[in-house]
Amino acid sequence: MTSLAVGVVLCLTGWITLYILLCNTSGCHGSEWNCRLVTLLHGILAVCITAYIGYVDGPWPFTHPGTKNTPLQITAMVISLGYFIFDMGWCVYFSTEGPVMLAHHTMSILGILLTLSLGESGIESCAVLFGSEITNPLLQARWFLRQLGRYESLTGEAVDVLFVVLFVFMRIVVGGRMLYCELISPQPRFIIKCGGVAMYVLSWVFMVDIGRFAYRKSQSKYRRWRNQHRSETDNRHDGKTD
């Protein structure tokens, strides 16, 4: 446990150091810009490592939940734990996130700590990390496009559509299947199963927010199309009258 604590402290220090370096080298951007760059890097790194764990190193999380943690799984969880502690502290200090995101970070930190302390179910934690972080680059890209004034473009539309589709597929469909496999398996501990249920419920809370966003955006696009169509019709009518 001592080596794990040292590893978490080192990773936390690494994420803080990266953030400070970004703040010092890109003074033209604000603190949130630099924090989101750190978030983007963690998302890409976490997806790459956990994808290798799930698809190459094994075991397969749908058929072998509750197995002992492997060194690579421990490494992935320690890196992400350091990041989540950093980001949680940043969000609380700058008061940038609401209760749902803070709950997500809190549950992620507690879940990883529990998995590391038990020494098992690391493959499920890594699978959850993969499903959670695979949409993260798209979420950050959306924010950066807004800051650069390029969100209202074809690129912005593509990012939004891909984010919604990927979120629904990974967090709701695949996540639901994984939770089912976790619950019916006798291997994982009861507390791990409870954590899986809690994370899936939180995914549905995010899903409700995303559904509201998608509805508002579709309504806005429809109103713009209707107004544009009405304007074109009026112009044609005026031309015939002349």
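The structure holds one cavity of 30 Å³ or more, a cavity being a set of points on a 1 Å grid over the protein atoms alone where a 1.4 Å probe fits but cannot get out. The model is predicted, so that local features need pLDDT of at least 70 and side-chain atom pairs count only at pLDDT 80 or more, while totals for chains, interfaces and linings use all residues. Residues are numbered from 1 along each chain as its sequence is written, and side-chain values use heavy atoms, with hydrogens and water left out.

**Cavity**
- The largest cavity has a volume of about 50 Å³, and its lining residues (those with an atom within 4 Å of a point) include Trp 15, His 42, Thr 50, Ser 80 and Leu 129.
- Helix 2 (31–57) and helix 3 (71–94) each give two or more residues to this lining, and the largest share, five residues, comes from helix 2; helices are DSSP runs of H or I with at least four residues, strands runs of E with at least two.

**Nonpolar surface patch**
- Tyr 180, Leu 183, Ile 184, Val 197, Val 201 and Val 205 make a nonpolar surface patch of about 510 Å², where patch residues have over 30% relative accessible area and no salt bridge, and nonpolar side chains are joined within 5 Å.
- A salt bridge is a side-chain nitrogen of Lys or Arg within 4 Å of a carboxyl oxygen of Asp or Glu.
- Helix 7 (154–184) and helix 8 (190–241) each give two or more residues to the patch.
- Tyr 180, found in helix 7, counts as partly exposed because its relative accessibility is 45%, between the limits of under 20% for buried and over 50% for exposed.

**Annotated span**
- The unreviewed UniProt entry annotates residues 190–215, among others, as "transmembrane region"; this span is 100% helix and 0% strand, with its end C-alpha atoms 38 Å apart.

Notes. Patches are made of residues with over 30% relative accessible area and no salt bridge: like charges are joined within 9 Å, nonpolar side chains (Val, Leu, Ile, Met, Phe, Trp, Tyr) within 5 Å. Accessible areas come from the Shrake-Rupley method with a 1.4 Å probe; for residues, only the protein chains shown count as cover. Buried means under 20% relative accessible area, exposed over 50%, partly exposed in between (1.4 Å probe, protein chains only). UniProt positions are given in the numbering used here, feature names are shortened, and annotations may be inferred rather than shown by experiment. On a 1 Å grid over the protein atoms alone, a cavity is a set of points where a 1.4 Å probe fits but cannot get out, and a pocket is an open set with protein on both sides within 12 Å along at least five of seven lines; lining residues have an atom within 4 Å of a point. Grid points are joined across faces, edges and corners, and a volume is the space filled by probe spheres set on the points.
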